[in-house]
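Colleague: I'm new to this one. Could you walk me through how to read its features?

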Amino acid sequence: MASHRRPKQPSRVRVTVLTTAAAAAVALSANAANAAPSDKPSKDEVKAKVDALYEQAEQATEKLNGAKEKQQELQKEISTVQDNVARGQEELNELRDSIGLAAAAQYRSGSIDSSLQLFLSSNPEDYLDKASTADQLSAQQVDALKKIQEKQRELAQERAEATEKLQDLASTRAELAKQKKAVQAKLASAQKLLNSLTAAERAALAAADARASRSASARVDLGNTGSASARAQAAFQAAQSKIGSPYVYGANGPSSFDCSGFTSWAFAQAGVTIPRTSQAQANAGTRIYSQSDLKVGDLVLFYGDLHHVGFYAGNGMILHAPRTGTVVRYESINNMPFQFGVRI
């Protein structure tokens with residue numbers, strides 16, 4: 001017959017333990033839920049971090065631009081040296097041929113000069129140092145051998161120069177790849193941070209950016225302090241025609257720009273050639289250390305290492321290509337640490 005005993009009740013101790021564990025689990029869950037939002041950075045904190053990354057990317061961009069410019073210069077120099085070497089070798093061959101023809105004529109007459117025999121089988125530098133040998137040569141032959149010696153020395157120097165420049169070019173290309181990688185890494189990190197924001201937060205940042213840009217444009221319209229020169233005015237007008245063009249690192253127009261690409265492109269439209277990088281542009285004219293002395297069209301340099309440049313637009317405003325994710329626009333000169341102006 002089946003047993004009908006009552007089930008054994010859990011002990012009071014076990015009930016207490018289970019209840020305490022459940023309560024702790026609930027508390028931990030609640031704490032985790034409450035902690036999650038506070039651990040996530042606010043959109044303003046994200047913006048500050050992104051802006052810092054963009055600034056670091058721009059520093060690397062100017063180094064990238066410098067490496068590109070150096071590479072282009074080296075390629076031109078190497079091409080010139082190689083052309084010089086080729087022409088020099090042709091001249092040397094012609095000089096040698098002339099000596100060879102003289103030797104052939106002497107051979108046919110049965111009176112080939114022993115010094116010419118030596119020349120044809122060895123280096124002429126050895127026997128011009130010997131007076132006895134020089135005495136055996138005619139004045140014309142001595143002159144020809146001296147020319148050969150000089151041309152050989154020139155060729156040796158030019159070949160050494162070409163080798164050195166080729167090595168420099170290889171180093172420059174390595175630096176170019178390094179800086180390009182640095183820029184891309186900073187931009188990728190910035191994009192990852194931006195992607196952590198909600199669509200509403202990204203929209204709020206974009207709206208604030210647009211409001212600041214409109215306000216800056218209005219302030220420029222109120223200020224007219226005169227231009228630095230006719231060419232500076234022409235460069236500034238060219239720059240104004242590109243308002244709204246996107247910032248792209250390494251770009252120098254005509255549809256996209258980085259900071260120094262923007263200023264160098266604008267001056268080129270005015271018939272003025274200035275260096276490609278912001279650091280080099282800092283030395284392209286007369287420096288102006290007081291903001292009150294700036295005029296429209298002057299270049300303005302920012303940050304201690306001079307990695308950013310733009311145009312002074314009047315009324316305490318600048319026109320520049322700010323950074324990745326923005327377009328050519330006006331901003332307050334006080335948005336960045338001003339160093340000095342440059343009047344081209």
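Predicted model: local features only at pLDDT ≥ 70, side-chain atom pairs only at ≥ 80, totals over all residues.

Colleague: Which helix gives the largest share of the lining of the largest cavity?

Modeller: Helix α2 (residues 43-109), with 4 residues. A cavity is a set of points on a 1 Å grid over the protein atoms alone where a 1.4 Å probe fits but cannot get out, and lining residues have an atom within 4 Å of a point. Here the largest cavity holds about 40 Å³ of space. Its lining is Y54, A57, E58, T61, L187, Y247, Y249, R323 and T324.

Colleague: And how do I read two packed helices?

Modeller: They are described by the angle between their axes and the distance between the axes. Here, the axes of α8 (residues 230-240) and α9 (residues 259-269) come within 7 Å and cross at roughly 120°. That makes α8 oblique to α9 (under 35 degrees is roughly parallel, over 145 roughly antiparallel, 65 to 115 roughly perpendicular, the rest oblique).

Colleague: Which residues of α8 and α9 make the contact?

Modeller: With contact meaning heavy atoms within 4.5 Å, α8 brings R231, A232, A235, A238 and A239, while α9 brings F262, W265, A266, F267 and Q269.

Definitions and conventions
Residues numbered from 1 in each chain as written. Heavy atoms only, no water. Axes fitted to C-alpha atoms, helices over the stretch in contact; angles between N-to-C directions. Helix = DSSP H or I, 4+ residues; strand = E, 2+ residues; numbered from the N terminus. 1 Å grid on protein atoms, 1.4 Å probe; cavity = no way out; pocket = protein on both sides within 12 Å on 5 of 7 lines; lining within 4 Å. Points joined across faces, edges and corners; volume = space filled by probe spheres on them.
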